[in-house]
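Please look through the sequence and the model shown here before reading on. The report that follows is a guided description, arranged by topic.

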Amino acid sequence: MRYQAREVDIEGRVRLVMEGALTARDRVGVQDFVLLENYNSEAAFIENLRRRFRENLIYTYIGSVLVSMNPYKELEIYSKQQMDRYRGVSFYEISPHIYALSDNTYRAMRTERKDQCILISGESGAGKTEASKKILLYYAVTCPTNDHMAALGDRLLQSNPVLEAFGNAKTLRNDNSSRFGKYMDVQFDFRGAPVGGHILNYLLEKSRVVHQNHGERNFHIFYQLLDGGEDDQLNTLNLERNPQNYRYLVKGNCPRVSSISDKNNWKVVMKALPVIGFTEEEVQKLLNIIASVLHLGNTQFGEGEEGETYITTEISNLARLLGVDGSALREALTHKKLTAKGEEVIIFSSSLLRFSVVRCTCFYWAVFMFMQMITPLNFEQAEAARDALAKAVYGRTFTWLVEKINQSLALKDEIYHSSKGSSVIGLLDIYGFEVLQHNSFEQFCINYCNEKLQQLFIELTLRSEQEEYETEGIAWETVQYFDNKIICDLIEEKHKGIISILDEECLRPGETCDVSFLEKLEDTVGGHPHFVTHKLANGKTRRVMSREEFRLLHYAGEVNYNVNGFLDKNNDLLNRNLKEVMCQSDNQILSHCFRREEVIDQKRPEMAATQFKNSLMKLTEILRSKEPSYVRCIKPNDAKQPGRFDEVLVRHQVKYLGLMENLRVRRAGFAYRRRFEAFLQRYKPLCPETWPNWHGRLADGVLTLVKHLGYKDEEYKLGRSKIFIRFPKTLFNTEDALEA
Ligand code: ATP
Ligand code: MG
């Protein structure tokens, strides 16, 4: 049987890229892409993925990077026996696996005493969260432990269902989509036992609390509570079981998901909370908050004859659950309070404007005069204020939840002191590059994050390649690659970048709107080679683009962003009087989330994009200080089905993940490298002088062996401890000789 693979080259000619008898290698592909003969060919890359996927071989390496295909079915490859197979075994001696990467990282941390991190990326549904759970489970099962540490491992594992309940949702692309980015440090003591953990969370998609696209759901926790909560629990919260009764749950018209049991998951979450250290009272307060968001969604407004807005639904229950005063809440949901500091505000009267008391507030060193102006909200404004409150309550509660989990995972004092010399493995499970039909502020932030990570990836991969060549004493050959710094600068540069311009537009007095932001962008970065709008340089209009869009030419491809909502989302404002009401809540979680200082402090908090930018800067610093490993996840089809390999979809992801670039950098000089002893051990039977044992220097043994095998000088180089082989064919011939 013969096998052929074809590709279309840049001149449009179809040519063969692989041909030969169907050997085992042909059938299952190569387990490391660096061994592909034609490493510049995307077609050969994808063909290799396809063959391995067909054989249920979902893992493949690019050097030390693990590429993982989502099988969309349970494979028998994650058992305890499998974990044992991978313990202490070198990366290349056994088939690629997430356990091999976990084990290698762990051993590198132990032997080199250097902090490690594992960066998991891929688009929604590609298997990032599953991969991170498998890594955690591997450590929980295989690392040395005692009772205390077992309890910590338990808490680490139990934090997952809780975070998923509050931070994940069913989307069109993934039934269990993480709607936040997560970086988790696991801390190990000098014996290699896990002793602590810490989570950083990034940009929760709060807009989902009040709106979901068709076929999508709100965060899982709402449905879990309604389906799984006890009758008397629901009675106390004044909730009915049917999700269709809640406006925040009906937008996507998707109350149930066949692959999810909300009832069972509720039980899991309720069991997990006390393990993580939540008291009964805290759980009750948390339930009150979940219920209050649902009641908030059902709060409706009416419009009076003079345009004033009033609440038409019962509010006492909502106020009780939020732990706030009902009439204050009613007032705050329908009025806005503006404060002018140290200035006189011209007072005039109309049915729509009413002024309240002038209040003096004393500070230690100065006295400011605050004049507070209360204006009624119109109908749309009141709805927006209600939704803003729901998003703020949910978003801040999520942050509190992460803090609470962190307290439970924190190193206890006595362990802290006994764990000197400990090291950390960080796990990053963060949103991949996103291109939707309609891309907004969220996609802008997500794709910016991917630009930053790509920049770091190239920097670190090149650095480690270069370092290895230096330690091995081999001349470094310069690699051509695309440096995406130019795009990062376009987005993040101070005063000139898109984020700065967005902030300025949000702060600028007078009439600003999303379109004025776009105009400002055109004026400032219009000539940038990675920025495009409908305006052409010659003053004409680009027809294919709408006037509300700008396009960024990302490293992974082009994305059009619609500016509608950019200003509001970046501002992320909650009316001052709503904050005032909330910080008086007798629900301790809420009074912790809404601080009095926030109301007193006149300084405007950082805007959303800048906050995100700063948190990304910190993240890249954390990652830069560690030794990185990478898992690149790919999903085979959009239908979430096993056995289907959609080539177009896979090709997109190979591109977005920068895998070809990765392979090129890795293959720049040599396809393959192996330590002398491992190389000798494997191939010594091929040479009478090295068989059965070589007694001289390892390097001499390898040299004797390769001379005997007829390697030409240009095919290999000997470093200080490793042999570097330039072409895969050389290695394959050697392997074939071994099999013969
Ligand atoms: P998102 O960015 O939306 O959070 P994700 O990359 O985290 O997506 P996962 O939630 O990890 O995606 O995976 C989506 C689904 O794919 C899982 O719920 C599971 O059904 C399936 N899946 C992923 N990886 C595996 C695996 N290794 N084995 C079996 N099924 C898997
Ligand atoms: Mg996920």
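## Terms and numbering

Two strands are said to pair if DSSP finds at least two bridges between them, and the elements themselves are DSSP runs, with helices being H or I of at least four residues and strands being E of at least two, numbered from the N terminus. This is a predicted model, in which local features need pLDDT of at least 70 and side-chain atom pairs count only at pLDDT 80 or more, while totals for chains, interfaces and linings use all residues. Residues are numbered from 1 along each chain as its sequence is written, chains are lettered from A and ligands numbered from 1 in the order in which they are written, and side-chain values use heavy atoms, with hydrogens and water left out.

## An open sheet of three strands

Strand β17 (residues 549-554) pairs with β18 in the antiparallel sense, over six bridges, and within this pairing Leu 552 has Val 559 of β18 as its bridge partner. The two strands belong to an open sheet of three strands in the order β16-β17-β18, with antiparallel pairing. Because β16 (531-532) and β18 (557-562) each have a single partner strand, they stand at the edges, and one side of each is left without a neighbour in the sheet.

Helix α17 (residues 485-492) lies across β16 and β17 and runs at about 150 degrees to β17. Here axes are lines fitted to C-alpha atoms, for helices over the stretch in contact, and angles run from 0 to 180 degrees between N-to-C directions; contact means heavy atoms within 4.5 Å.

## Strand β19 and its parallel partners

Strand β19 (residues 627-634) is mostly covered, with six of its eight residues buried, where buried means under 20% relative accessible area, exposed means over 50%, and partly exposed lies in between (1.4 Å probe, protein chains only). Strand β4 (residues 65-69) pairs with β19 in the parallel sense over four bridges, and the bridge partner of Ser 68 in β19 is Cys 633. Strand β5 (residues 116-121) also pairs with β19 in the parallel sense, over six bridges, and Cys 117 stands opposite Pro 628 in β19.

## The magnesium ion

The magnesium ion (ligand 2) is coordinated by Thr 129 through OG1 and by Ser 178 through OG, at 2.0 to 2.1 Å. This pair links distant parts of the chain, for Thr 129 lies in helix α5 (residues 128-142) and Ser 178 in strand β7 (residues 177-178), 49 residues apart. Donors are N, O and S atoms within 2.8 Å of the metal (3.2 Å for Na, K and Ca), and because water is not among the atoms, sites may look incomplete. Thr 129 is buried, with a relative accessible area of 15%.

## Salt bridges

The structure holds 50 salt bridges, a salt bridge being a side-chain nitrogen of Lys or Arg within 4 Å of a carboxyl oxygen of Asp or Glu. One of them joins Lys 134 to Glu 130, with the closest N and O atoms 3.6 Å apart; both residues lie in helix α5, four residues apart, about one turn of the helix. Lys 134 counts as buried at 17% relative accessibility, whereas Glu 130, at 41%, counts as partly exposed.

Asp 189 and Arg 191 also meet through their side chains in a salt bridge (2.7 Å, N to O). Asp 189 is buried at 4% relative accessibility, while Arg 191 is partly exposed at 43%.

Ile 46 lies in helix α2 (residues 42-54) and counts as buried at 2% relative accessibility. Leaving aside residues up to four places away in sequence, Ile 46 touches Phe 645, Glu 647, Arg 651 and Val 654. Glu 647 and Arg 651 are also linked with Glu 42, Glu 47, Arg 50 and Arg 51 in a network of salt bridges.

Which residues of helix α27 (residues 676-683) are buried? They include Phe 676, Phe 679, Leu 680 and Tyr 683. Seen down the axis of α27, its buried residues fall within an arc of 95 degrees, so they line one face of the helix; the arc is that of the directions from the helix axis to the C-beta atoms. These buried residues pack against β20 (672-675), α28 (698-709), β21 (716-718), β22 (722-725) and α29 (728-739). Ile 46 and Phe 676 are 630 residues apart in sequence and 32 Å apart in space, C-alpha to C-alpha.
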